[in-house]
Amino acid sequence: MKIEPLSQSHALEIANDWHYEAPYDFYDMKNDPEDYEEIISPEARGNRYYQVLKEGKLYGFFCIEAKGEGDLELGLGLKPEHCGKGQGAAFLHKILDFIAEKFTPQVLSLSVADFNHRAQQLYLNMGFEVVRRIPQESNGNIYLFVEMKKSS
């Protein structure tokens, strides 16, 4: 797997062509206008978005955002055709290695929808701990999210 800055063509592919099966269609970019607008705009993305390529093809993406001194927040997505097939650990491991090497955060946090038990289990297996469950605005409504953190 190779990690590099997210290209505009891949950003548009993620935003317009990635469609997950229910209930994971919650993560389709078009369901959250704010996320959609951010990913399609090079200015809004800035230098925070990365693409993960496997055999030269788009495999997934992630974004990172500074949340204070030594703290980063991670958002990520695996291409729908690869979800639910046991590929998440290798994908996340590659991302975590990249972040540790490039940014050396003290704490890495992420939020995952409460219903997404398979992602939560993956994050727990990769050393994240549940911090809290919080209602959060997303997709035009309020949903319960699980906030998780991993210290280095």
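These legends walk through several close-up views of a predicted model. Local features need pLDDT of at least 70 and side-chain atom pairs count only at pLDDT 80 or more, while totals for chains, interfaces and linings use all residues. Residues are numbered from 1 along each chain as its sequence is written, and side-chain values use heavy atoms, with hydrogens and water left out.

View 1. Strands, like helices, are DSSP runs numbered from the N terminus (at least two residues of E for a strand, at least four of H or I for a helix). Two strands are said to pair if DSSP finds at least two bridges between them.

**View 2. Strand E7 and its two partners.** Here E7 (residues 141-151) is antiparallel to E6, and nine bridges hold the pairing. Look for Arg132, which stands opposite Glu147 in E7, and for Glu129, which faces Lys149 in E7. E5 and E7 are also antiparallel, joined by seven bridges. In E7, Ser151 is the residue opposite Val107. As background, strands of a sheet pair through backbone hydrogen bonds, either parallel or antiparallel.

**View 3. Ser109 in strand E5.** Follow strand E5 to find Ser109. Ser109 counts as buried because its relative accessibility is 13%; buried means under 20% relative accessible area, exposed over 50%, and partly exposed in between, with a 1.4 Å probe and protein chains only. Leaving aside neighbours within four places in sequence, Ser109 is in contact with Leu72, Glu73, Leu74, Met148 and Lys149. Contact means heavy atoms within 4.5 Å.

View 4. Leu6 belongs to the loop between E1 and H1. With a relative accessible area of 8%, Leu6 is buried. Not counting residues up to four places away in sequence, Leu6 touches Ala11, Ile14, Ile39, Arg45, Tyr49, Tyr50 and Gln51. The C-alpha atoms of Leu6 and Phe61 are 7.5 Å apart, although 55 residues separate the two along the chain.

**View 5. Ile64 in strand E3.** Ile64 is part of strand E3 and is buried, with a relative accessible area of 6%. Residues up to four places away in sequence aside, Ile64 touches Arg48, Tyr50, Glu73, Leu74, Ile99 and Phe103. Ser138 is 74 residues from Ile64 along the chain, and their C-alpha atoms are separated by 18 Å.

View 6. In the loop between H1 and H2 you will find Pro23, joined to Ala22 by a cis peptide bond with omega of about 0°. Glu55, in the loop between E2 and E3, has a positive phi of about 55° although it is not a glycine. At 77% relative accessibility, Glu55 counts as exposed. Thr104 lies in the loop between H4 and E5 and is likewise not a glycine, yet has a positive phi of about 40°. Thr104 counts as exposed at 59% relative accessibility.

**View 7. The largest pocket and its lining.** The largest pocket holds about 1500 Å³ of space. Of its 50 lining residues, the closest to the centre are Tyr27, Asp35, Gly75, Leu76 and Ser111. Elements that give two or more residues to the lining include helix H2 (33-40), helix H4 (88-103) and helix H5 (117-125). E4 gives the most, with six residues. The lining divides into 25 nonpolar, 13 polar and twelve charged residues; Ala, Val, Leu, Ile, Met, Phe, Trp, Tyr, Cys and Pro count as nonpolar, Asp, Glu, Lys and Arg as charged, and the others, Gly among them, as polar. A pocket is an open set of points, on a 1 Å grid over the protein atoms alone, where a 1.4 Å probe fits, with protein on both sides within 12 Å along at least five of seven lines; lining residues have an atom within 4 Å of a point. Grid points are joined across faces, edges and corners, and the volume is the space filled by probe spheres set on the points.
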